[in-house]
Amino acid sequence: MAQDDGPVEPDYPLTMANERTFLAWIRTALALLAGGVALDQLAPELAPAPVRAALAVALALGGAVLGIASYRRWVRTERAMRAGEPLPAGRIMLALTVCVAAAAIVFSVLIIGWAR
């Protein structure tokens, strides 16, 4: 007979899949941070110093925001699985996609237009 006294332990593979997803998001956050550091330190010819610094800071802050958001997403998903509720939807993937696309456009313009 099932008890409804507390949270239910989800299947072990589901918990591990949630953790792997969290770690993938953390790797992406670290990549954004590394990109910001690399841009600032290794690409002095790419753009004027203030533009380069602004882009590096934006990438680093993007990594920080993504790291925090990934933890929040992991916690929400874990709680939903344990409570037997539907998994929460999020907009972080859309936000990350838009930000990466915008960064790609800006860097493309800088590479083609400025660094010649």
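Reader: What percentage of the 116 residues of the protein chain counts as buried?
Author: This is a predicted model, in which local features need pLDDT of at least 70, side-chain atom pairs count only at pLDDT 80 or more, and totals for chains, interfaces and linings use all residues. Residues are numbered from 1 along each chain as its sequence is written, and side-chain values use heavy atoms, without hydrogens and water. Buried means under 20% relative accessible area, exposed over 50% and partly exposed in between, with a 1.4 Å probe and protein chains only. Of the 116 residues of the protein chain, the buried share is 24%.

Reader: Is Asn 18 buried or exposed?
Author: Asn 18 belongs to helix α1, residues 12–42; helices (H or I, at least four residues) and strands (E, at least two) are DSSP runs, numbered from the N terminus. Because its relative accessibility is 6%, Asn 18 counts as buried.

Reader: With which residues is Asn 18 in contact, leaving aside its neighbours within four places in sequence?
Author: Contact means heavy atoms within 4.5 Å. With those neighbours set aside, the partners of Asn 18 are Trp 74, Thr 77, Glu 78 and Met 81.

Reader: What is the radius of gyration of the protein chain?
Author: The protein chain has 3 helices and 0 strands. Its radius of gyration, taken over C-alpha atoms, is set against a globule rule of 2.2 Å times the number of residues to the power 0.38. That rule gives 13 Å for 116 residues, and the protein chain is well over this value, so it is more spread out than a compact globule, with a radius of gyration of 19 Å.
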